[in-house]
Amino acid sequence: MPKVFSDHMVVQRESPIPIWGSGAEPGQTVAVELKNSSRETLADSIGSWSVKLPAISAGGPYDLQVATETDTINFTDVLVGEVWVASGQSNMAWPLRQSEVFDSVKSNLKHPDIRLFKMEQGVHLSPEPYTEEELRKIVHGSFYQSASWEHSSSDTAPEFSAVAYYFAQNLQDSLNVPVGIIQNAIGGSPTQAWLSKKALRNNPKLKKYIPGGEDNWFSVKELHPFIASRVKENLGEALKSGQVNAYQHPFAPFYLYDHGVTPLIPYGIRGVLWYQGESNANYPDEHTRLFKTLIQDWRKAWKQGSFPFLYVQLPAIQGRNRWPEFRKGQQDVLKLPNTSMTVTVDLGDPRRPSNVHPPKKRPIGRRLSRIALGKVYGESIPFSGPKFENYQLRDSILSITFDHAEKLATTNGNSPNGLVLQGYNRSGTREQIITPDTMTVSGNSLRIQIPEEISVTKIKYGWAPYPEVNLINEAGLPAWPFKIELPGNF
């Protein structure tokens, strides 16, 4: 049976439970039993089989038994609760022990109702050539190490995803049901590696990533230069000699989907947590296209409807001049149903502003859990920061109104930071960029006095790679970055 089935697993509550495997004799009867539910099926001509057990309420521990006339597999300590997949690249994989507040939580990591399934790579992704053994692993699809479900403890939790762990902890505290997290996040991985070959082929603007498109997929112009260089560094002479091809690198299109996502399908899940994009951030429009396709691709493959897809907008960083547009592209993905985004533009690393791995992971996990609790589980709590709703410009007074903000405030009690007016001087001879001096907060609105010497064409908030922002709502959640293009005058 797939490795995602093991002792200590969590299966999704209140939804049919898919169970499947292979290796039976063709035509052999396979019986599956969990709690008081059982189903039988016949293995197909190659010995594969699958059943769906009826939905069960949260609880456990139970035994899951899979049996034929000649063999029996028994999984013990099985819980029924909430299951989420946590995927993406290094910021999702970033371990709890390296998060900012680990010292304050490390003594309280024993949670028997939080279960962790960590899928780890079995080869390095640093800029050195692969050994012969590592080349054999990637060629034969053995990129991932073997994994099994484990209890959250002082031994297992520190190495687990910090974002996913804080999410699970908050969810379990609020719902009081078991929570299982499947971590499948690979540092440096681009979006296209997590897409199926079929999804790429069927999109006219993405089929360039599959064989028959470009001579080498890492020559596609919209590819982040980091990805192409890492492929060449890892495969080295083996690539030049033809011992391996570029599609056998873990960052290649559909590689991680084939070897990391497919083995999980159709395991019952509530939804997906996603923190990725740094390896696609040079081309915002291309990423938006890839990410929308990925969400649709996973939902179609899982056949569990439009399950929730919660993702992280990239945080503040210095030196990445396309990140404001990239964040806007991430926001555009929200046009897909049942998608939600948490804003992290306030969570850069002040000690190392160019750090692509800011250590503040607990706020991200908790913000994702607020979205889940508010939008997925129906709790009446604020789950979004202030979001631009509309504006009104009369004479020299600009009023900006926000949704998700019964009471706007700032983190430090000072005037709002991060709002910039762009336009021209009154004579139209030069461009003007002004940070307003006079701004007042009232209810869910900002009121701004426009300087007499500027004719405004754009209003921006948080629109910088590392913006200095402090606008929040009553729940302390940060305002979304936005850019308003004002209409011209006559």
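The lining of the largest cavity comprises 7 nonpolar, 3 polar and 1 charged residues. The structure described here is a predicted model. A search of the whole structure finds 1 cavity of 30 Å³ or more, and the volume of the largest cavity is about 80 Å³. Its lining is formed by Met341, Thr342, Val343, Arg367, Ile371, Phe383, Ser384, Gly385, Leu477, Pro478 and Trp480. Two secondary-structure elements, strand S13 (339–342) and helix H10 (362–376), each contribute at least two residues to this lining. Tryptophan 480, one of the lining residues, also takes part in an arrangement with a charged side chain: lysine 387 lies over the face of the tryptophan 480 ring, at 4.4 Å from the ring centre.

Aromatic side chains were examined next. A pair of aromatic rings is described by the distance of the centres and the angle of the planes. The count comes to 24 aromatic pairs. In the pair of tryptophan 302 and phenylalanine 307, the ring centres are 6.0 Å apart and the planes stand at 80°, so the pair is edge-to-face; planes over 60 degrees apart fall in that class. Tryptophan 302 and phenylalanine 307 are both buried. These two residues belong to a cluster linked by ring pairs, which consists of Trp194, Trp274, Phe291, Trp298, Trp302, Phe307, Phe309 and Tyr311.

Helix H8 spans residues 284–302 and includes histidine 287. The relative accessible area of histidine 287 is 1%, and because this value is under the 20% limit, histidine 287 is classed as buried. Leaving aside residues up to four places away in sequence, histidine 287 touches Thr191, Gln276, Gly277, Asn280, Phe326 and Gln330.

Arginine 136 was considered as a further position. This residue is located in helix H3, which covers residues 132–139. With a relative accessible area of 48%, arginine 136 is partly exposed, whereas histidine 287 is buried. The C-alpha atoms of arginine 136 and glutamine 432 are 59 Å apart in space, and the two residues are separated by 296 residues in sequence.

Methods
Residues are numbered from 1 along each chain as its sequence is written. This is a predicted model: local features need pLDDT of at least 70, side-chain atom pairs count only at pLDDT 80 or more; totals for chains, interfaces and linings use all residues. Side-chain values use heavy atoms; hydrogens and water are left out. Rings of Phe, Tyr and Trp (its six-membered ring) pair if their centres lie within 6.5 Å; planes under 30 degrees apart count as stacked, over 60 as edge-to-face and the rest as tilted. Buried means under 20% relative accessible area, exposed over 50%, partly exposed in between (1.4 Å probe, protein chains only). A charge sits over a ring if NZ of Lys or CZ of Arg is within 6 Å of the ring centre and within 35 degrees of the ring normal. On a 1 Å grid over the protein atoms alone, a cavity is a set of points where a 1.4 Å probe fits but cannot get out, and a pocket is an open set with protein on both sides within 12 Å along at least five of seven lines; lining residues have an atom within 4 Å of a point. Grid points are joined across faces, edges and corners, and a volume is the space filled by probe spheres set on the points. Helices (H or I, at least four residues) and strands (E, at least two) are DSSP runs, numbered from the N terminus. Ala, Val, Leu, Ile, Met, Phe, Trp, Tyr, Cys and Pro count as nonpolar, Asp, Glu, Lys and Arg as charged, and the others, Gly among them, as polar. Contact means heavy atoms within 4.5 Å.
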